[in-house]
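These are my notebook entries on one protein chain. I record what I looked up, entry by entry.

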Amino acid sequence: MSGQRNSSGRRSGRHDLFEELFGKGALTRSDSPSSRSTKTTPAPAWARWLTLAVVTGVVAGVVHGWALPRLPAGGSRDQLRAWLRLGVEWAPWAVAGCAAAAVISGVFAWRSAQRAREDKQAEERKKAPSGADRAAAAAVKLPIGSVQVTPHYRWWHRSAVRQVVVRAPAGAVLEDPSRAWCTAIGTVLGVELAPRSWEVARGRAVLEPGTLPPEPVEVLPPTATTPVARAEQALSSLLGRQGQLVESDVVDTHDDGAPREFTVRHAPSAKLATAERRELFAELLSGMLPESSSGRGWDVLPDPTQDRVRIVERPPLEKLIPRPVFDERAYFQGRDVLAIGQDEHGNAVGWDCSSSTLSPHGLAVGPTGLGKTNLLRNIIASGSRLDFQTRIADPKRIEFLGVSEWPGVTKVARDVDAIRGLIVDAHDEMDRRYTHLERRKDPRDLQPLLVLLDEWYIMRTLLEFEHRKEGGKGSPVELQLVARVMAMARTARLHLLLGIQRPDAENFPDGARDNAQFRVSLGPLSPQGAGMIWPGHTRTATSVPRMHGRGLISDQHGNPTSLQAWWIPNLDGHTDARARLQPQDRALLDALRPGGPVGAGWTQHTDTPLVVPSTPAHTGSGSAGARRDAPAEPAAGSAEAALDGVADVIRARDLLDHMRIRIEDNTGALVDATVEHTDSPTDEVMIADLMLDGGQPLQREFDGGDEVWLLDESTVHA
């Protein structure tokens with residue numbers, strides 16, 4: 001029994017290994033009570049082969065040395081003697097075969113016992129990780145217990161480490177951690193280790209005793225000062241090993257040779273795969289570049305599909321730009337665009353309220369003091385010049401004093417009852433206009449109606465307070481009407497703009513914020529507010545300079561672009577308010593009135609003139625901006641040609657009689673058609689009887705969720 005336990009009373013590893021080889025009870029004395037009461041396992045295969053070899057040798061020796069000499073001769077005994085001699089001659093081969101089988105079986109049994117012991121140790125380490133396991137996991141910042149360290153010792157010296165195998169979850173560690181593991185594990189085991197191999201696919205490293213080689217010192221190139229060289233260094237640093245540069249190309253320069261625009265090509269990198277990573281990358285890279293000639297930094301535009309980064313100098317943008325007087329309809333190619341400012345390239349930008357716009361409603365966000373009221377004045381002035389009818393809700397009661405005298409402004413509601421009436425009237429007006437359209441009238445005959453609901457949070461609070469004061473429950477009906485108007489009023493040429501300081505979802509009726517696709521924000525937004533207004537462009541929206549009129553406006557794709565809202569004098573037509581204006585400001589207001597000529601006392605006092613293109617530029621759906629170069633006409637069969645005349649995308653379940661849609665016919669070609677009749681046998685199926693423009697009838701079955709292109713109402717045949 002003394003061989004079964006060590007001095008501390010615990011079973012030794014050799015005892016467990018011996019039992020794995022020879023079976024349970026192999027070390028138990030046969031005369032002990034435990035040996036009689038405990039069932040032993042069968043002897044292993046190698047022991048049986050060895051026993052057979054010994055027995056065969058002993059039997060052959062006995063037959064050869066004792067039985068054969070004493071066996072009498074004659075008769076059948078001679079035949080027996082011949083068989084015994086033959087057996088004795090073959091006995092050495094039998095003994096050798098059994099011995100070989102015993103050796104082979106023993107090797108396999110030894111290896112199996114070793115593996116079983118290692119598995120047992122691994123299970124024990126999972127339950128209670130060793131100090132080496134904890135150190136290895138901490139070195140690569142993985143959870144405790146996820147990294148296993150198995151030291152292997154020399155068989156003749158159990159305290160001498162032969163090698164250490166470290167296993168981590170496959171794919172959890174990408175960079176070679178051998179050096180970190182050598183230091184951490186060597187400290188715990190008390191031995192100096194050096195890396196031997198690392199298999200990233202298996203997450204397996206092999207360490208062995210030795211001296212850790214010194215870490216190679218990277219010789220950094222001298223710091224570059226030119227923008228192109230600095231961009232190359234910064235790009236290599238941010239992309240790491242994947243950022244091998246290919247080439248740089250300067251696209252445009254200043255007169256002194258300083259670059260204005262250049263591109264840097266790099267090897268394919270997964271670090272630029274998502275929009276969030278590209279935005280963070282652009283912010284970091286722009287911060288590492290030297291100051292630009294304009295003093296406004298650089299726009300960094302990563303293009304992962306072309307494996308290149310385009311870097312453009314931001315042009316200068318003045319802090320205060322008085323509103324210019326120009327022909328808005330001619331500038332924006334006949335579209336009804338409410339111009340409110342200009343971008344950094346000098347192009348006028350605004351809100352496209354044309355009959356085919358995809359952003360009929362808007363949202364203006366900005367904290368107090370950054371020019372939100374001034375922005376709304378620009379919209380009012382532009383609306384009057386385009387023959388819009390404007391109605392305003394002013395819950396603060398003093399923001400739009402005297403504006404009711406401005407041409408086109410028909411109502412300014414200040415108290416709660418007046419605001420209620422304004423919202424109800426807008427909803428009723430929408431219904432009247434749809435009655436007009438049901439009679440197959442041209443929607444272009446309708447005068448655009450603009451409803452400005454300023455300080456939406458204050459307005460919503462007042463409406464809810466009055467609603468509860470009157471004993472009402474739930475949401476006030478006026479908020480529900482606003483949500484309905486924003487969902488339906490596009491075709492009726494009715495446009496809502498909500499002004500608010502913070503765009504929390506709880507401040508809007510169901511779906512109202514999502515239906516306000518035109519967005520404009522002033523000043524830097526909080527990270528939460530930026531994520532609500534400009535999803536995917538949080539860092540851009542939070543880094544806007546805090547100055548009057550500076551902000552972001554949605555372009556035709558819904559992405560934010562820089563904006564400097566024009567400064568415009570107070571539109572208050574009261575005699576006292578007008579007397580307080582400078583003569584030049586009074587001349588500007590006179591020039592902005594519909595049909596009013598530019599007065600002799602007004603000139604554009606700014607160094608950033610409005611860029612007026614020789615050919616009016618096409619504008620997008622959300623906002624409008626005249627670009628320097630007018631785009632070419634879309635080619636037949638292109639995506640632009642396919643979308644020409646398309647006003648919206650709706651679900652098939654929302655199809656109604658007399659709607660004009662664009663679909664693919666039976667040959668796959670795009671055709672325009674009129675919905676004659678619809679039938680929905682189930683919630684998931686919509687059957688539509690269509691009349692193609694060529695006069696051919698067509699029946700089409702849609703899934704309820706299928707998207708259908710809805711044509712502009714101007715294409716409806718009278």
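Which residues does UniProt list for "binding site"? I found Gly 366, Pro 367, Thr 368, Gly 369, Leu 370, Gly 371, Lys 372 and Thr 373 in the record, which is an unreviewed entry. UniProt positions follow the numbering used here, feature names are shortened, and annotations may be inferred rather than shown by experiment.

**Entry: ground rules**

I note that this is a predicted model, in which local features need pLDDT of at least 70 and side-chain atom pairs count only at pLDDT 80 or more, while totals for chains, interfaces and linings use all residues. Residues are numbered from 1 along each chain as its sequence is written, and side-chain values use heavy atoms, with hydrogens and water left out.

**Entry: two residues of the listed site**

I looked up Pro 367 and placed it in the loop between strand E11 (362-365) and helix H10 (372-385). Helices (H or I, at least four residues) and strands (E, at least two) are DSSP runs, numbered from the N terminus. Pro 367 has a relative accessible area of 22% and is therefore partly exposed. The terms are these: buried is under 20% relative accessible area, exposed is over 50%, and partly exposed is in between (1.4 Å probe, protein chains only). Not counting residues up to four places away in sequence, Pro 367 touches Gln 501, Leu 522 and Arg 546; contact means heavy atoms within 4.5 Å.

I then turned to Lys 372, which lies in helix H10. Is Lys 372 buried or exposed? Its relative accessible area is 8%, so Lys 372 counts as buried. Leaving aside neighbours within four places in sequence, I found Lys 372 in contact with Ala 364, Val 365, Gly 366, Asp 454, Glu 455, Ile 500 and Leu 522.

**Entry: transmembrane regions**

I read in UniProt (unreviewed entry) that the feature "transmembrane region" is placed at residues 46-67 and 90-110. In the model, residues 46-67 are 100% helix and 0% strand, and the end C-alpha atoms lie 30 Å apart. Residues 90-110 are likewise 100% helix and 0% strand, and their end C-alpha atoms also lie 30 Å apart.

**Entry: cysteines**

How many disulfides does the structure hold? I found zero disulfides, a disulfide being a pair of cysteine sulfur atoms within 2.5 Å. Cys 98 is buried at 8% relative accessibility, and Cys 353 is buried at 0%.

I located Val 173 in the loop between strand E2 (157-167) and helix H6 (178-189). Val 173 is buried, because its relative accessible area is 9%. Not counting residues up to four places away in sequence, Val 173 touches Val 140, Leu 142, Ala 168, Trp 198 and Val 200. Val 140 is 33 residues away from Val 173 in sequence, yet the two C-alpha atoms are 7.5 Å apart in space.

I next examined strand E3 (residues 193-199) and strand E4 (residues 204-209), which pair in the antiparallel sense over six bridges. Two strands pair if DSSP finds at least two bridges between them. Leu 193 has Pro 209 in E4 as its bridge partner. The hairpin of E3 and E4 has four residues between the strands, and Gly 203 takes a positive phi near 65 degrees there.

**Entry: aromatic pairs**

I counted five aromatic pairs. Rings of Phe, Tyr and Trp (its six-membered ring) pair if their centres lie within 6.5 Å; planes under 30 degrees apart count as stacked, over 60 as edge-to-face and the rest as tilted. One of the pairs is Trp 181 with Trp 198, edge-to-face at 6.0 Å centre to centre and 70 degrees between the planes. Trp 181 lies in helix H6 and Trp 198 in strand E3, so the pair ties together parts that are 17 residues apart in sequence. Trp 181 is buried at a relative accessible area of 0%, and Trp 198 is buried at 19%.

I also noted Phe 326 and Trp 566, an edge-to-face pair at 6.0 Å centre to centre with 75 degrees between the planes. This pair links distant parts of the chain, 240 residues apart. Both Phe 326 and Trp 566 are buried. Ring pairs link Phe 326, Tyr 331, Phe 332 and Trp 566 into a cluster.
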